[in-house]
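Work through the exercises below with the sequence and the coordinates at hand. Each task is followed by a worked solution.

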Amino acid sequence: MPGERRPSFLFPTHLERQMTIPYACTTPLPDGGVHTRPGELVGRGAEWARITAVLAAARSGRGRAVLVTGEPGVGKTRFAAEAVGAAEAAGMVTARGRAGTVGPAVPYRPLVEALLALVRAEPPAQHRLGRYGPVLARLLDDARGTGVSALSPLVVAEAVLRLTSVVGRGRGCLLVLDDLHEADAGTLSVVEYLLGNVGPLPAVLLLTTGSAPGPAAELAARAREDGTAAVLDLAPLGRTDVRLLLSSELGVAPEQVSPALVRRAATGGAGIPFVVRALAHDPAPVPTALVEHVRLRAERLGPSGVELLGMAAVFGGRFPAPVLRHATGRTDAGLCALLRAAVAASLVVPDGPGTDWYAFRFPLAADALRSALGPVEQPALARRAAAALAELHPGLPGVWCGHAAELHERAGDTGEAVRLYGEAADRATAEGATERALTLLRRAHDLLDAATAPELHATVLERLLDAVARSGRLDRLPAGAGPETLGSPCLPGPRRAGLHARLAEIHALAGRPAEALRQLDLARWLLGERPDDGAGAAPDDRAGGVPDHRAGADPDHRAAVAPDDRAGTVVDDPAAAVVDLAAACVEPSRLAPERLRTAEDCARRAVGRGGGPEVVGRALLVLGGLDERGAPGHFARARALADAHRLPGLRVAAEAGIARLAVERDGRAGPAEQARQAALRMGLLPTAHEAGFALALERVRRGAFGAARELIQEGGAEAARLGLGRADALWRLADAVRWAHLGRRAEMLDALERLAAPVDAAPGVRPMAYGLARAFCSLLEEDHEAAEREWAQALAYDAENPATGDFGRHGVVLLLGVLAGRMGRHHHERVAAASAAGTRWNRPFVGLAHAVLLGREGRAAEASAAAAVAFDAAGPYPLARHLSQRLVARSAYEDGWGAPVAWLREAEEYVHGAGLPAVAGACRALLRGMGASVRQRRTGTEQVPPGLRRCGITVREFEVARLLAERFGNRDIAGRLHISPRTVEKHVASLLQKTGHPNRAAFASAARDLVAGSAS
């Protein structure tokens, strides 16, 4: 109340200084953090600065009117209350009146309330009011307001001005009129007069009004146009300010506020301060205060408006106007009138221009309206809306199926809701909307309970597990979602086997190979099979079976698959096809030498068992990763199958497989990045991670270490967040390989230590960690003995459990073996015949091994030609090219083929710049052994152009070359460089010999542009 002294946290000291700082203030915590105090304004810094400036001006005798506008709940009244507190703290006279009150309408109600507060706090002398004293007395004495209606608004306005001038003299006066949008016409007339005449007085007129169309909004618009008032539009808070407000209300530091609460308040509450405060103090799904607030606003629209908004709320956060019109039986004009009123009340907003869709102003408003409905009313409204939707859109095409499912869920029709959610999920999957399909299936699963028929429960769970496996969204898997939770002995064994098989795939994605194999063995046991290793379920876990839910969709789909003799004779068995597919995905995790062959056989059986186009397509994708030679055909057939049956997810996965082949075989990274982005857009995270891993390795090999680091960090963070253990292991491996190729052993070992825990989460990581990381790093450290040991360890791991990716066996290991004399022509031919030897990365090593063998056979010309082809193939990979030059130079020199000196100089130049001193030193040592000049590594080396550095030009020789290019004589050069003419003559001779020019004139002509460019 105006007579009270409000506590002021804004102005503890130095009043004028504090009045100019933006809201909100913060309090230091003992740990160095800060938090706002309860009740503070947040996110209103600019608006508060305007208010403090206006209040300060009023105390100096310059008045001003301020209009504060905004939607309900945005904090207009709170803002005005804080302004009153600030004015009182500054010693100003304050008064406040409110138009929106309960009871009969009273003329000039907010003015009377405010003036009564003024005269009650400090009654002015009658003579100081002059002839306006009786006017005020008449206005204030008539409590009913029956006698004041005859008063002229202009006279009342002048009386108000006179009173504020008297009471505010020397200290200023703040007059606040709240909820002006509910004021009577007389009050608005007085306010309009005050706006234009408060300027010369020591008073501030602070008005708050809603943003809905009406006389008050028109008055605010005119005031904004003619400048008679400062108009402050309060907007909802952003996420940062929402966190600060929650921190203030809860009395904790901002970083201690739950991210989920911040997200709910910023999204579900649209950042409206009233909603944010309600969520802070009421943990209920819909705070009671919010339910009451929304209910009262809806009731102002009348019974028809309440019915309309209730119907809209059961539809969800968005709703289509035609369906509501049909369900309520209203005319177009009647519906439009109600919707306009709801928009004016800031309850709903048009959802895009030119559409028939509307949305609630904030999603929690729909929740609040549903909470206000009774247990009978909500199902009834939902059934009416569902019936109207079905009549308007027969067959529920497009998105209508999902909306109908939601309405049936709210109506309590669980069976129909589950059916429609499943149908909507199928449509979303066919459109490539993986995330939406997963959301719909999760909602269907959440409707199930102990009373649900086991067959329905199994169907929903099958589809949900499939969606989780496709998307990699393990966080969307319900707690305890497994066949063990069905609890019914009536469910057939093959049906349960399919559920266990799907769980096996998911555990494999999560990097839990032991649990994946347990689920797989249990699935096989339920089909009557016996795993060779004796693992699996107990006999009493077995039961009967029914086909997979996707079976029978297309009996002719196998026409797209070429026959394969290795698949053997199989019988159509959709349930077994699902288990075989899971086995193909999981068997590579089993610690057995034949695991890849077993997985490949399982994939081939899955192709032939008639498990539906998606099962066949996925089996072909697995085959593409296991059968190197047949991979292009398998991926192409999977893509054709996807096109024939409109399976966009399968097509993207097939394109990703083809793109990975393009990276490995041709070094083309573009298709892999396109496939990765397509998989991300569709929500196929395992596919995206597989493409990303191949792309990261390619970037490392190309020397694009920065781009590789960004990709690895992004992919690794997402895989870890979602619990995708298999992908996480691959990203950690890629990081170790990146450090290895940089020659950074300490960082590589740190990365390998982080890989230690999930090393078995992805098949083949152990040999790849030794071959691609440890051994390669040792090679760059010129520790060839360590590299040999580490590649031997990689080969040992591969023999125990074969890797799905190459780790150097078909490339650099072959070259090192040939150079060491351990491998001859026969071994080379056998390795070169493998498809892995034909990858773009391996081709240079294989080709150079062939050149070394040719050189030893005395076929120098053929060896030189083979080396040229190999170095050309290494073009995209500078490190591989220059490392190979260093490795084969001695053999080429001893056997008399190629250009070993030029190779070593080129290699030394590159590895020196790459920060690989051991390799650079080895190159220089080999050059000395060949009697070739070795460039000195002095300060200023970087000034020598690369072309001259490759010729072995030293820093001093380059200084001579620059002057020589400018046609200086030996004596002039000696004088400029402070050396003897004899030394200059030696340097000139060395320059001519290294560059191959016949005389100094020819060198000067050829080098002029090069040297001049370096000088600039």
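**Exercise 1.** In which crossing, left-handed or right-handed, does α22 pass α23?

Solution. The model is predicted, so local features need pLDDT of at least 70 and side-chain atom pairs count only at pLDDT 80 or more, while totals for chains, interfaces and linings use all residues. Residues are numbered from 1 along each chain as its sequence is written, and side-chain values use heavy atoms, with hydrogens and water left out.

Step 1. Locate the elements: helices are DSSP runs of H or I with at least four residues, strands are runs of E with at least two, and both are numbered from the N terminus. Helix α22 covers residues 454-471 and helix α23 residues 493-509.

Step 2. Take the axes, which are lines fitted to C-alpha atoms over the stretch in contact, with angles from 0 to 180 degrees between N-to-C directions. The two axes lie 10 Å apart at an angle of about 25°. This makes α22 roughly parallel to α23 (angles under 35 degrees).

Step 3. Assign the hand: α22 passes α23 in a left-handed crossing, meaning that the near helix is turned anticlockwise from the far one by less than a right angle.

Step 4. List the contact (heavy atoms within 4.5 Å). On the α22 side it includes Leu461, Leu465 and Val468, and on the α23 side Leu499, Leu503 and Ile506. By class, the contact of α22 with α23 has 9 nonpolar, 1 polar and 5 charged residues; Ala, Val, Leu, Ile, Met, Phe, Trp, Tyr, Cys and Pro count as nonpolar, Asp, Glu, Lys and Arg as charged, and the others, Gly among them, as polar.

**Exercise 2.** How many of the 11 residues of helix α45 are buried?

Solution. Step 1. Apply the cut-off: buried means under 20% relative accessible area, with a 1.4 Å probe and protein chains only.

Step 1. Count over residues 955-965: 8 of the 11 are buried, so α45 is largely enclosed by the rest of the structure. Among them are Val955, Glu957 and Phe958.

Step 2. Check what follows: just after α45, Arg967 takes a positive phi of about 70°.

Terms used. Buried < 20%, exposed > 50% of the residue type's maximum accessible area, 1.4 Å probe, protein only. Parallel < 35°, antiparallel > 145°, perpendicular 65-115°, else oblique.
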